[in-house]
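Welcome to a short tour. Open your viewer, get ready to select residues, and follow along stop by stop.

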Amino acid sequence: MKVEIKVPQLPESVSEATLVQWRKKVGDTIVRDENLIDLETDKVVLELPAPQAGVIAEIVAKDGATVKTGEIIAYIETTVAAQRQSAKSQSPSPAEKPETSPPITALPAARKLMEEHGMTENAVQGTGRGGRVTKEDVLAAINPPATAAASPLTSASPADRVEQRVPMSRLRQRVAERLLQSQQECAMLTTFNEVNMKPIMDLRASYKDAFEKANGVRLGFMSFFIKAAVYALKKYPIVNASIDGTDVVYHGYFDIGIAVGSERGLVVPVLRDADQLSFADTERAIADFGARAKEGKLTIEELSGGTFTISNGGVFGSLMSTPIINPPQSAILGVHATKERPVVENGQIVIRPMNYLALSYDHRLIDGREAVLTLVAIKEALEDPVRILLDV
């Protein structure tokens, strides 16, 4: 009996997906719940498990195809005879005993780039989820860092003017759309301040070992920024609000988006009810988001919503930036690298670990006064962490 393989119900707000690469070919035997293919949406990568055991009878939609919910992409034959015949045809004779190796898969952009350079998948070591070959893997293979300092696009010879055209991933397209939407629809301004990180660094140095022993997770800096942001948002709730048509929506909760750079691009998982989480719970959630972002396993629900966002460009060495608001939110906090700098304290020049903070805000809703005071409140909470604990 033939069974249809259909695109599952895609998450809300996601209209279509891209087939990454089939893990099976026509005639291959499959078992129930075995992943047949990954579907890439503009937010996450979904797995499509086999509904029943059987044999791949027909593949309707090829690698790289754009598909929608309910669309038939393949058929499987579930009869026992077909499964036995497929297994027999795929089994090598005892005399042959060929050496086998697990198939290597490549993402569409990587596969196209390999084809342009006459490379096979076996020639590239995959570092993506499940050993997949990414575009970055191919570029690294084309131009190994140890032997070439130039860009892969210009490494052929001084006389060559090489160009490469690769399609943007769905996630990158979505990020581009959202950023352009933010620029076009928001009256965005950015205010800056600096914070002395010494109190936080001293506190962390004193208690990080005890904290990790007690909670099984490291005490980082991001949890302090999140707690400081919540502290400030409670004082100035307009910064935690959003615009809906001609209405202002005040959120009585604090769902903080944490911008995370992943192999597929920028994603912003949301830490729900951040005001109710302990430092340990916050650190666990941050670590979990980071790990699953690299594996492409964040869910649509985790990437949806949010009332305020924090972007930490400091992990990449950024000293200053103007972060772009994540609509429909009205503000975003940019955190940067902490560097020792000379500052004046009590008339004396001293060296302190300083961090520039940037708060971008939608001036349609938030006046400069509230934006500046919000950033000052964040600064005060970080320079005097007791404020976070006592909420004063």
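Select Arg32 first, and show what surrounds it: leaving aside residues up to four places away in sequence, Arg32 touches Ala50, Pro51, Gln52 and Ala53 (contact means heavy atoms within 4.5 Å). Keep in mind that this is a predicted model, where local features need pLDDT of at least 70, side-chain atom pairs count only at pLDDT 80 or more, and totals for chains, interfaces and linings use all residues. Residues are numbered from 1 along each chain as its sequence is written, and side-chain values use heavy atoms, with hydrogens and water left out.

Arg32 sits in the loop between strand S3 (29-30) and strand S4 (35-40); strands are DSSP runs of E with at least two residues, helices runs of H or I with at least four, numbered from the N terminus. Now zoom in on Pro51: the side chain of Arg32 reaches its backbone oxygen at 2.8 Å. The C-alpha atoms of Arg32 and Pro51 are 5.7 Å apart, although 19 residues separate them along the chain.

Next, select Asn35, in strand S4. Is Asn35 buried or exposed? Asn35 is buried, with a relative accessible area of 13% (buried means under 20%, exposed over 50%, partly exposed in between, with a 1.4 Å probe and protein chains only). Arg32, by contrast, is exposed at 56%.

Finally, select helix H6 (residues 222-235) and helix H7 (residues 279-295). H6 and H7 have axes that come within 9 Å and cross at roughly 115° (axes are lines fitted to C-alpha atoms, for helices over the stretch in contact, with angles from 0 to 180 degrees between N-to-C directions). Colour the residues in contact, including Phe224 of H6 and Ile286 of H7.

Technical notes. A polar contact is a pair of N or O atoms within 3.5 Å; within protein, one must be able to donate a hydrogen and the other to accept it, and residues adjacent in sequence count only if both atoms are side-chain atoms.
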